Amino acid sequence: MDIQFCGAAQTVTGSCHLLTLDDGFKILLDCGLYQGRDEEFEDFNAKWIFDPGDIDYMVLSHAHIDHCGRIPRLVKDGYRGEIISTSATRDLCAVMLLDSAKIQENDAYYDNKRRKRRGLAQDAKPLYTIEDATDSLQSFVGISYDSWHPIKQGVSVMFKDSGHIFGSASVTLRIERNGSDPLYFGFSGDIGRPDRPILKDPEPMENLDYLICESTYGGKKHNQLPQDVEDLLTIIQETCINNKGKLIIPAFSVGRTQELVHTLDKLETEGRLPEVPVFVDSPMAVNATEVFRLHPECFDSDIQEYMLDDPNPFRFNDLKYVKRTDESKQLNYLDGPAIIISASGMMTGGRILHHLMNHIEDKRNTVLIVGYCAPHTLGARIRRGDKKIRIFGQELRVKAKVKIMDSYSAHGDEPEMLEYLSNLSRDKLKSIYLVHGDLDRQEMFRSALKKEGFRDIQIPELGDKIEIG
Ligand SMILES: [Zn+2]
């Protein structure tokens, strides 16, 4: 039996790991898109380390595009098995993958336009089309949390809520072995945080023999949310009331946007939110919010209680969801203060780019960054304080204030990840493979895990294959 690391190795995006059992049966864990502009990964999304037609089964941890975003391509290139996920993840993927396909098609279209202007061959092709994404949805099978689901004779899988985004799960595979105890192989997926709005707390995994574990925030400690809710109110007050400016919040359409909207909804219910128009300018966020409402089984007890008084926790008087492009464009001419929440969170594309372009050069405004931005993204440059940036080829000077709130992160910080893993037996767990982190964070997390008594902690490189069992 071996495990091959086919993505998110010493980097954060492109999650993909291939487990090959002793009898040659191949299980793919996640099939995510690489997001970023590092030249080293230029071909990553279009090229496979394995042959998709050779894979027997796929397990998906959650619906973030860096975990599911290459599935349509996998199916297009020959994968014919089932894709198993939680039911909420399956439904969110319907939204995410169609949106991703639209972006791929648009990118190819504009790329070909540019090529035409330069007299080059117009041969740019989308990674996959809307049709490919729709086809791939036929392969999905949604199952519930906390029960063993058979994959084949002697192998079963269980999802546990990982508290990261709606529908997110850790994956445990139980593999029966002749003459000895079953082997438990775990994949953390992305580890969430306790006491988050909307989501349940991360649930510990089974006692494992091997674990692939994320490491995004190794060596880091986040602020706690209650303080940041007060800080958010202060930022709204200063930007929108005192300066009459706009508060621009780039946010992932799935997860972060709904958490922010629910926080604002609660503040409005409590009478603490100043009267400022709020726009969620992301068609995908609108669709994802509808999916949320269909899966109350994923809500934590706080929001279930809240919904007894306010049946729609994602809607309040001053809030407007913007779906159509022409309505989005009208926001460019909006006078006076406003809060605009838009995607993408890492500012790599989407409507947020127009809002940044229109507002980042005005010192009355604030850009509030509420999530991780991978290196080489526009978000990372704004986050680190660059004073000059480029959007659509145009140079802009950053005069708006830039604020950062990491407590809205959907990823646990180091103490939270250690707490999540604390139940695992140090004797039983033979190896931990760290993925989904930049190398410096991974090294910090490895030291912390060693201090906690875990034995063999490895940081694989892309393509590494390791024998286990
Ligand atoms: Zn994620």
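Visitor: Which residue forms a salt bridge with Arg196?

Guide: In this predicted model, one salt bridge is counted between domain 1 and domain 2. A side-chain nitrogen of Lys or Arg must come within 4 Å of a carboxyl oxygen of Asp or Glu to qualify. For the pair in question, the closest N and O atoms are 2.4 Å apart, and the partner of Arg196 is Glu259.

Visitor: How many residues of the side of domain 1 that touches domain 2 are nonpolar?

Guide: Between the domains there are five residue pairs in polar contact. The residues on that side of domain 1 include seven polar and nine charged ones, while the number of nonpolar residues is 13.

Visitor: Is Asp195 buried or exposed?

Guide: Asp195 lies in the loop between β10 (180-187) and β11 (210-214), and has a positive phi of about 60 degrees although it is not a glycine. The threshold for exposure is over 50% relative accessible area. Because its relative accessibility is 65%, Asp195 counts as exposed.

Visitor: Is Ala8 buried or exposed?

Guide: Ala8, in the loop between β1 (2-7) and β2 (16-20), also has a positive phi, about 50 degrees. Residues under 20% relative accessible area are classed as buried. Ala8 has 2% relative accessibility and therefore counts as buried.

Methods: Residues numbered from 1 in each chain as written. Predicted model: local features only at pLDDT ≥ 70, side-chain atom pairs only at ≥ 80, totals over all residues. Heavy atoms only, no water. Polar contact = N/O pair within 3.5 Å; in protein donor to acceptor, adjacent residues only side chain to side chain. Nonpolar A, V, L, I, M, F, W, Y, C, P; charged D, E, K, R; others polar. Helix = DSSP H or I, 4+ residues; strand = E, 2+ residues; numbered from the N terminus. Buried < 20%, exposed > 50% of the residue type's maximum accessible area, 1.4 Å probe, protein only.
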